[in-house]
Amino acid sequence: MIPTALVTGGNRGIGVEICRQLLERGHRVVLTARDPAAAERAAGHLEAHGPLLTQVLDVTDPASVTASRERLRSEGVDVDVLVNNAAIYPRDALLEQPLDAWERTLRTNVTGPLLLCQAFLPAMLERDHGRIVNVSSGSGSFGEGLYGPAAYCVSKAALNALTVKLAEQIGEGTDVLVNAVCPGWVATDMGGAEAPRTPAEGARGIVRLATLPRGGPTGRFFRDEHEIPW
Ligand code: NAP
């Protein structure tokens with residue numbers, strides 16, 4: 001049986017590259033996006049690379065997350081790999097931060113990954129097999145100085161904390177591994193054109209964690225193959 005990977009925000013940027021690399025590594029990929037037309041457009045570029053499903057999934061909407069799980073369940077698809085990639089990056093200054101943008105950032109970047117884990121982790125634990133990759137950022141690292149706009153930094157620091165709590169909840173001695181990863185500074189809509197890394201380079205460290213062998217690390221934070229401080 002080929003493993004199945006679900007990727008959030010799979011329609012552009014690093015997300016579409018994660019999908020491509022996972023297809024090339026022999027996974028079936030569930031490319032999800034909040035906009036159905038965007039999902040289909042991205043899928044059109046990837047279909048030649050391997051077995052691909054598309055789904056509409058807004059990570060901020062619990063009903064959308066549940067519907068995704070139920071559709072996959074009804075099609076007999078088990079999710080072996082969950083990549084929490086979708087995120088937003090508002091640039092407001094902290095003291096002028098509009099409350100709705102603050103809350104939307106936390107809801108997209110932290111609550112979304114939690115909802116996805118609540119939907120897909122229990123079945124991974126039942127099968128004693130799964131990989132969860134939380135796409136974080138050096139901006140969420142206290143050790144690297146929480147560099148960047150406040151709402152984004154706070155959301156990624158919280159995603160890091162969520163990663164630690166998920167690993168604690170999963171416990172040791174299982175084949176379910178959860179890690180956080182920073183893709184580096186990547187040339188996407190979020191990273192800007194001047195960023196030094198390509199989406200393919202940014203996706204590589206994410207895909208490495210998505211395809212870790214049994215006994216691999218869990219509850220850690222990486223950039224490429226190097227562990228970085230929380
Ligand atoms: P991007 O180009 O801005 O793409 C963001 C993706 O997230 C898009 O597919 C977007 O969908 C999706 N998204 C946003 N809100 C969503 C929601 N509510 N439900 C579902 N999807 C949603 O960003 P990127 O640079 O590829 O970043 C990917 C990941 O890497 C993020 O977690 C980001 O924080 C992290 N990261 C990026 C950099 C960098 O330099 N680029 C650095 C460190 C970390 P729409 O098309 O519908 O908006």
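A polar side-chain atom of threonine 188 lies 2.5 Å from an oxygen atom of the ligand, a polar contact in the sense of two N or O atoms within 3.5 Å. Lysine 156 also reaches the ligand, with a polar side-chain atom 3.0 Å from one of its oxygen atoms. Glycine 9 takes part through its backbone, where a polar atom is 3.3 Å from a ligand oxygen. Together, the protein covers 93% of the 900 Å² of accessible area that the ligand has on its own (areas by the Shrake-Rupley method with a 1.4 Å probe). In total, 28 residues surround the ligand, counting those with a heavy atom within 4 Å. The closest are Asn11, Arg12, Asn85, Tyr152 and Thr188.

A word on how to read these values. This is a predicted model, in which local features need pLDDT of at least 70 and side-chain atom pairs count only at pLDDT 80 or more, while totals for chains, interfaces and linings use all residues. Residues are numbered from 1 along each chain as its sequence is written, and side-chain values use heavy atoms, with hydrogens and water left out.

Eight strands form an open sheet in the order 3-2-1-4-5-6-7-8, with mixed pairing. Strand 3 and strand 8 are the edge strands, each pairing on one side only. Strands here are DSSP runs of E with at least two residues, and helices are runs of H or I with at least four, numbered from the N terminus; two strands pair if DSSP finds at least two bridges between them.

Strand 2 (residues 28-33) runs parallel to strand 3 (residues 52-56), and five bridges join them. Across this pair, valine 30 stands opposite leucine 53. With helix 2 (residues 36-46), the two strands make a right-handed β-α-β unit: with the strands pointing away from the viewer, the path from the first strand over the helix to the second runs clockwise.

Further along the sheet comes strand 5. Six of its six residues are buried, so strand 5 is largely enclosed by the rest of the structure; buried means under 20% relative accessible area, exposed over 50%, and partly exposed in between, using a 1.4 Å probe and protein chains only. Gly130, Ile132 and Asn134 lie on one side of strand 5, and Arg131, Val133 and Val135 on the other.

Strand 4 (residues 81-84) pairs with strand 5 in the parallel sense over four bridges, and asparagine 84 stands opposite asparagine 134. The chain crosses from strand 4 through helix 4 (residues 99-127) to strand 5 in a right-handed crossover. Strand 5 and strand 6 are parallel too, over six bridges, with valine 133 opposite asparagine 179. Here the chain passes through helix 5, and this crossover is also right-handed.

Helix 5 has 21 residues and should span 30 Å at 1.5 Å a residue, which agrees with the 30 Å between its end C-alpha atoms (the expected span is 1.5 Å times one less than the number of residues). Glycine 171 follows helix 5 and has a positive phi, near 80°.

Two other residues deserve a look. Most residues other than glycine have a negative phi. Leucine 146, in the loop between strand 5 and helix 5, has a positive phi near 50°. Aspartate 224, in the loop between strand 7 and strand 8, has a positive phi of about 55°.

Notes
Polar contact = N/O pair within 3.5 Å; in protein donor to acceptor, adjacent residues only side chain to side chain.
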